[in-house]
Amino acid sequence: MHSEITNPIDYAQDGRQTGHVAIPFSIDRSPYYQIRVPILRLKNGEGPSVLLMAGNHGDEYEGELHLGRLMRLLDVSKLRGAVTILPMANLPAVMAAKRSSPLDGGNLNRAFPGDPAGTPTARLAHFLEAQLFPAHDVVLDLHSGGTSMAHLPCTLIERQADAGRFQRSLDLMRAMGASHSFIADNGPAAPTSMGAAARSGTIGLSGEFGGGGTVTPQTMAFTAAAIDRLLVALGILESPVLSRGQVAAAGSPQLLSLSRHSQGIYAERRGWFEPAVPLGATVAAGDLAGWYHDLERLDETEEALHFVEGGIVISHRLHCDSRAGDCLIQVAEPIDG
Ligand SMILES: [Zn+2]
């Protein structure tokens, strides 16, 4: 009982089950403390099964808010198959409004495959990859740029070796209807949820649904439509639940690839970053990306930064104040489907 995660869900049971995945973590204030991660399971007979999760990073809110709302709205009698919802996966990070858990510094999306005897974040990662993910046909993990980054809203998958599952994930990503979708090449040992999904034999889908540690009407509508379209495409729902108004038919997304260090510009010293191009802009190698100011040496002209590779601007740093190693701006390469 001092380390093992307890899961209240019986996967075979029909109906509505709610509770908490409990992760024991002994602390000064509370020797038998448990991190209680909310979970909902709805099952109505045989059919497809999907795990919807958010709060992998605590400061990414489109998924957290919409999945909380979906927990209240979904009617088990109106669905076919099973939906499991984990709206705040790394709960301590969500409650601290941080990317990583303040309890152990753990960044859940770099913690897979995890460790059943490790820190709380490592144990959670192990539980997800070894137990929760394999119990579902599809896993959707909702991300955004987080507090420090603006991100072009897009859906995302990782390239994986299993050709059949890769094609299925590509088809489902298209069904989600984003105008930009990107394919990340992180390799089979990726410490991400998508790497975990590939290793656990399920279909992994993700996306960057906004950014900046906030939400907007646009990013919320984009996220609602993506979740609704996925649930309808899987045959779990007959009609949208989250979207206000009609959900337009999904168009064909521009596929993007992000696989090389040279697609980003990284800070090499302390400085203050000013972007020169907006998210979604199409740029060529050598184009101006932004300026790097030095507020400690005001007589120095700001440095012009140029893209090494062309493509579509998908993210940039929001905090002007930057240090060596910070990624300032990234482009993704448009590819054919
Ligand atoms: Zn994230």
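This is a predicted model: local features need pLDDT of at least 70, side-chain atom pairs count only at pLDDT 80 or more; totals for chains, interfaces and linings use all residues.

Trainee: Okay, metal first. Which protein atoms are the donors of the zinc ion?

Mentor: You have ND1 of H57, two entries for OE of E60, and ND1 of H143. They lie 2.0 to 2.4 Å from the zinc ion.

Trainee: And what do the angles say about the site?

Mentor: The site is irregular, with angles among the 4 donor atoms running from 57 to 150°. For four donors to count as tetrahedral, all angles would have to lie between 85 and 135 degrees.

Trainee: What spacing do the donors follow along the chain?

Mentor: The pattern is H-x2-E-x82-H. E60 sits in the loop between β3 (49-53) and α1 (61-73), while H143 belongs to strand β5 (residues 138-143), so this pair, 83 residues apart, links distant parts of the chain.

Trainee: Are E60 and H143 buried or exposed?

Mentor: E60 is buried, because its relative accessibility is 2%. H143 counts as buried too, at 6%.

Trainee: Switching topic: how is the protein split into domains?

Mentor: The domain assignment gives domain 1 as 39-258 and domain 2 as 261-335. Their C-alpha centres are 28 Å apart, and the contact takes 16 residues from domain 1 and 17 residues from domain 2.

Trainee: I keep looking at R317. Where is it found?

Mentor: R317 is in strand β16, which covers residues 311-317. It counts as buried because its relative accessibility is 15%, and the cut-off for buried is under 20%.

Trainee: What does the side chain of R317 pair up with?

Mentor: One of its polar atoms lies 2.9 Å from the backbone oxygen of D321. There's also a 3.0 Å polar contact between the side chains of R317 and S322. If you leave out neighbours within four places in sequence, R317 is in contact with S148, F273, S322, D326, C327 and L328.

Trainee: Now helix α6. How many residues does it have, and how far does it reach?

Mentor: Helix α6 has 17 residues, 217-233, and reaches 24 Å from first C-alpha to last, close to the 24 Å expected. It's mostly covered, with 12 of the 17 residues buried. Among those buried are M220, F222, I227, D228 and R229. Just after α6, G235 takes a positive phi of about 85°.

Trainee: Which residues does R69 touch?

Mentor: Not counting residues up to four places away in sequence, R69 touches M220, L242 and R244. R69 itself is in helix α1. The C-alpha atoms of R69 and L242 are separated by 7.9 Å, although these residues are 173 apart along the chain.

Trainee: Is R69 buried or partly exposed?

Mentor: Partly exposed, because its relative accessibility is 25%.

Trainee: Last one: what about the backbone at A97 and P113?

Mentor: A97 has a positive phi of about 55° although it isn't a glycine. The peptide bond from F112 to P113 is cis, with omega near 5°. Most residues other than glycine have a negative phi, and most peptide bonds are trans.

Trainee: Where do those two sit?

Mentor: P113 is in the loop between α2 (91-95) and α3 (120-132), and A97 lies in the loop between α2 and α3 as well. A97 counts as partly exposed because its relative accessibility is 41%.

Technical notes: Residues are numbered from 1 along each chain as its sequence is written. Side-chain values use heavy atoms; hydrogens and water are left out. Donors are N, O and S atoms within 2.8 Å of the metal (3.2 Å for Na, K and Ca); water is not among the atoms, so sites may look incomplete. Four donors count as tetrahedral if all angles lie between 85 and 135 degrees; four count as square planar and six as octahedral if opposite donors are over 155 degrees apart and all others between 65 and 115; anything else is irregular. Helices (H or I, at least four residues) and strands (E, at least two) are DSSP runs, numbered from the N terminus. Buried means under 20% relative accessible area, exposed over 50%, partly exposed in between (1.4 Å probe, protein chains only). The expected span of a helix is 1.5 Å times one less than its number of residues. A polar contact is a pair of N or O atoms within 3.5 Å; within protein, one must be able to donate a hydrogen and the other to accept it, and residues adjacent in sequence count only if both atoms are side-chain atoms. Contact means heavy atoms within 4.5 Å. Domain bounds come from an automatic or database domain assignment.
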